[in-house]
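Here's a short tour of a protein model, written for someone just getting started. Keep the structure open while you read.

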Amino acid sequence: MRILALLVAAAALLAAAATAHEHHGEAPTCAGDGGRVLAEFRPGEVTLDGHPADWDGVEASEFPLLPALDPDEDKAYAGGKVSVKAVHDGVNIFFMLKVDGDYTYTKGENKKCPSVALMFQIGEKATYYNMGGCKDMPGSCTSKSCRGQEVDIMHFSVGNAIPGRLYGGNHIDNADGNGGDRFGHLVDLYSWNPHCRYLDGIGPKENNSNAQNDWHGAWWHSSLTFHSGFVDDDSPYGKQDEKGTYYFEFSRPLRTMDRFQQDAQFTIGGPNSMAVAFWYPNDGKPWIKSQHYSASCDWLVLDIQPSMEAAHYRPAPNRSWDAATAFALLLSVVAICISVFVGYGASKNRSSVQFTPLEQIYTH
């Protein structure tokens, strides 16, 4: 029995080791290419609040959500595809993710709530699979040994995030020089592989005290109807298992002040590579890090529309502005008519007015 117990324990250790290093195998094969996300030029149209109404006119790209480690269509996320939208205003880029799912929320337990991540290529050699693809293991990963294999990651776990509220970069964490978010866990990370993943500003043999979290974002669920604003005491904010749709909205500057190769620098009209991941607590069970769905088997192409192509862009008509302009024009016409009438009257009566020299006035 003791030998059997030792064998079981050894098997458990081997399984744990395999799980811990599972991303270092060969990339799985799957049908189709990555896909494309268009970031249109739409300045001043998006409010970062998690609500989708201001995205209605934006083109969406839809992708099936397949298990990242085993992209079998039979194991696809039961809620269906993820919809990805993007816009930019020439300075910042905005993303809206939409995915159907029953409402589930457990305050303070991120792994019992849905979670999303965006990943972007930084280094030219960085691969989609293995989060950069550097072969080094923990303890040996450095910015020199893994140079060119960096990826940029934004990860939002909503277990401490109030729906509709803004999270991400804040003065406290940025003052500490890292990409953390102690309030809502919308964090800014970089990675060379799944085992060498760090918050911006933190890493091996580095002094990255000037890093910061450049992301902001919010989340919402369509079953939530209290739009005047939730507070922490309203948790869990909605009815558990209520059918509906999750919305995750994010923004970040196109270019950041990163000096350590930890942020992707987006280029308008240039090649940009991204990926989308989604975690969901199926059957109420907490998810684990490797148990996530991915929107593709390779990099998606993020196409940030150049300003030249935006020449035909026209903002949505603003009827209140049109009415105000028409009223102002009407007042101007009336004022001109009155001025002409008064001027004409004064010139007509000028002959009946007699001129009296000043010296005659004072002599009297």
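## Ser61 and its strand

Let's begin with Ser61, which sits in strand S2, residues 61-63. Keep in mind that this is a predicted model. Is Ser61 buried or exposed? With a relative accessible area of 10%, Ser61 counts as buried, because the cut-off for that is under 20%.

So who does Ser61 touch? Setting aside neighbours within four places in sequence, Ser61 is in contact with Arg36, Val37, Leu38, Val82, Ser83 and Val84. With Arg36 there's a polar detail too: a polar atom of the Ser61 side chain lies 2.8 Å from the backbone oxygen of Arg36.

## Thr127 in a loop

Next up is Thr127, in the loop that runs between strand S6 (115-121) and strand S7 (151-157). Thr127 is partly exposed, at a relative accessible area of 34%. Its side chain reaches the backbone oxygen of Tyr129 at 2.6 Å.

If you don't count residues up to four places away in sequence, Thr127 touches Gly132, Gly133, Val151 and Trp299.

## The nonpolar cores

Now for the cores. The largest nonpolar core has 47 residues, and Phe95, Leu118, Phe156, Phe248 and Leu302 touch the most other members. Strand S5 (residues 92-100) supplies the largest share of this core, four residues. There's also a second, separate core of eleven residues, including Met119, Tyr128, Ile153 and Val187.

Take a look at Leu118: not counting residues up to four places away in sequence, its contacts include Phe95, Ile153 and Trp215.

How values were computed: Residues are numbered from 1 along each chain as its sequence is written. This is a predicted model: local features need pLDDT of at least 70, side-chain atom pairs count only at pLDDT 80 or more; totals for chains, interfaces and linings use all residues. Side-chain values use heavy atoms; hydrogens and water are left out. Helices (H or I, at least four residues) and strands (E, at least two) are DSSP runs, numbered from the N terminus. Buried means under 20% relative accessible area, exposed over 50%, partly exposed in between (1.4 Å probe, protein chains only). Contact means heavy atoms within 4.5 Å. A polar contact is a pair of N or O atoms within 3.5 Å; within protein, one must be able to donate a hydrogen and the other to accept it, and residues adjacent in sequence count only if both atoms are side-chain atoms. A nonpolar core is a set of buried Ala, Val, Leu, Ile, Met, Phe, Trp, Tyr and Cys residues joined through side-chain atoms within 4.5 Å.
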